[in-house]
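Hello,

Here is the structure I promised to pass on. Please have a look, and read my notes below alongside it.

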Amino acid sequence: ESIRWTCLLQEKLGPDYVVVEEGLSGRTTVFDEPLDPDLNGIAPMPAILRSAAPIDLLIFMLGTNDFQMHIPAGNPITTARGIQTMLEKARKLELDRPGGEKMKILLISPIEVTEAWLVLNEDRQIIDDSRRLGKYLAVVAEELGVAFMDAAKTEREATAWAVAEAEKFEITDEEIEAEITRLAEQYKLDVAQVKQAVAGAD
């Protein structure tokens with residue numbers, strides 16, 4: 001639980017805010033999941049949101065489960081329109097704080113599906129669909145006038161930054177040899193013997 005992003009968000013925000021998590025593994029948008037009809041997201045959404053009202057900010061991240069092979073209707077365009085339908089329905093529920101501002105919405109496009117997620121040699125189209133979803137959800141966010149974040153893009157940028165930072169601290173063989181020589185001379189040791197001992201330790 002401590003590593004879930006909703007838990008981390010609650011920790012960062014502190015006790016003055018309440019983060020209500022309503023995640024469910026395998027949940028789809030507006031499409032029925034043939035293997036488990038209860039995973040259709042739009043059906044229980046009104047009850048779920050009303051139970052959490054009033055809501056100051058609705059953070060909505062959904063979509064990639066639509067791309068499973070046994071849900072033929074799911075593709076980036078239809079999924080984006082399905083999410084638009086869900087958000088329009090959420091607004092009509094009037095979940096705002098009485099006398100306060102209207103409920104704000106942050107739409108997040110999920111991270112990309114990778115090969116590690118595929119099971120039983122599933123169609124690789126799932127990976128491509130997940131990569132294309134962000135641009136269509138960006139259009140939906142603009143049409144609805146809601147905030148938007150592309151988690152896949154953020155993940156790629158974070159990974160690139162981490163690699164770049166790691167490369168800054170990469171130590172070359174020459175630098176290691178120079179440091180061995182420096183330490184050997186500092187403690188009046190035989191440089192050749194120290195290098196041989198280090199090589200043996202490797």
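**Salt bridges**

D96 has a relative accessibility of 22%, so D96 counts as partly exposed. Keep in mind that this is a predicted model. The partner of D96 is K102: their side chains form a salt bridge, 3.6 Å from N to O. K102 is exposed, because its relative accessibility is 63% and the exposed class begins over 50%.

A salt bridge also links E101 and K104. Their closest N and O atoms are 2.5 Å apart. E101 is exposed, at 58% relative accessibility. K104 comes out at 46%, so K104 is classed as partly exposed.

Next, helix 4, which covers residues 125-144. Both D128 and R132 lie in helix 4, four residues apart, or about one turn of the helix. Their side chains meet in a salt bridge of 3.9 Å, N to O. R132 is partly exposed at 27% relative accessibility. D128 is partly exposed too, with a relative accessible area of 34%.

**A buried aspartate**

D66 is worth a look. D66 sits in the loop between strand 1 (57-61) and helix 3 (76-92). D66 is buried, yet has no salt bridge. Which side chain of opposite charge is nearest to D66? That is R27, 9.9 Å away. A salt bridge needs a nitrogen within 4 Å of a carboxyl oxygen, so R27 does not qualify as a partner at 9.9 Å.

What does D66 contact, leaving aside its neighbours within four places in sequence? The contacts are T28, T29, F31, I71, G74 and T79.

**The largest pocket**

The largest pocket holds about 1800 Å³ of space. It is lined by 50 residues, and those closest to its centre are W5, T6, G23, I59 and M61. Helix 1 (5-13), helix 2 (45-52), strand 1 and helix 5 (151-168) each give two or more residues to the lining. Strand 1 supplies the largest share, five residues.

What is the lining of the largest pocket made of? It divides into 31 nonpolar residues, 10 polar and nine charged.

If you open the model, I would start with D66, which is buried without a salt bridge, and then go on to the largest pocket, with its space of about 1800 Å³.

Best wishes

Notes
Residues are numbered from 1 along each chain as its sequence is written. This is a predicted model: local features need pLDDT of at least 70, side-chain atom pairs count only at pLDDT 80 or more; totals for chains, interfaces and linings use all residues. Side-chain values use heavy atoms; hydrogens and water are left out. Buried means under 20% relative accessible area, exposed over 50%, partly exposed in between (1.4 Å probe, protein chains only). Lys and Arg count as positive and Asp and Glu as negative; His and the chain ends are not counted. Contact means heavy atoms within 4.5 Å. On a 1 Å grid over the protein atoms alone, a cavity is a set of points where a 1.4 Å probe fits but cannot get out, and a pocket is an open set with protein on both sides within 12 Å along at least five of seven lines; lining residues have an atom within 4 Å of a point. Grid points are joined across faces, edges and corners, and a volume is the space filled by probe spheres set on the points. Ala, Val, Leu, Ile, Met, Phe, Trp, Tyr, Cys and Pro count as nonpolar, Asp, Glu, Lys and Arg as charged, and the others, Gly among them, as polar.
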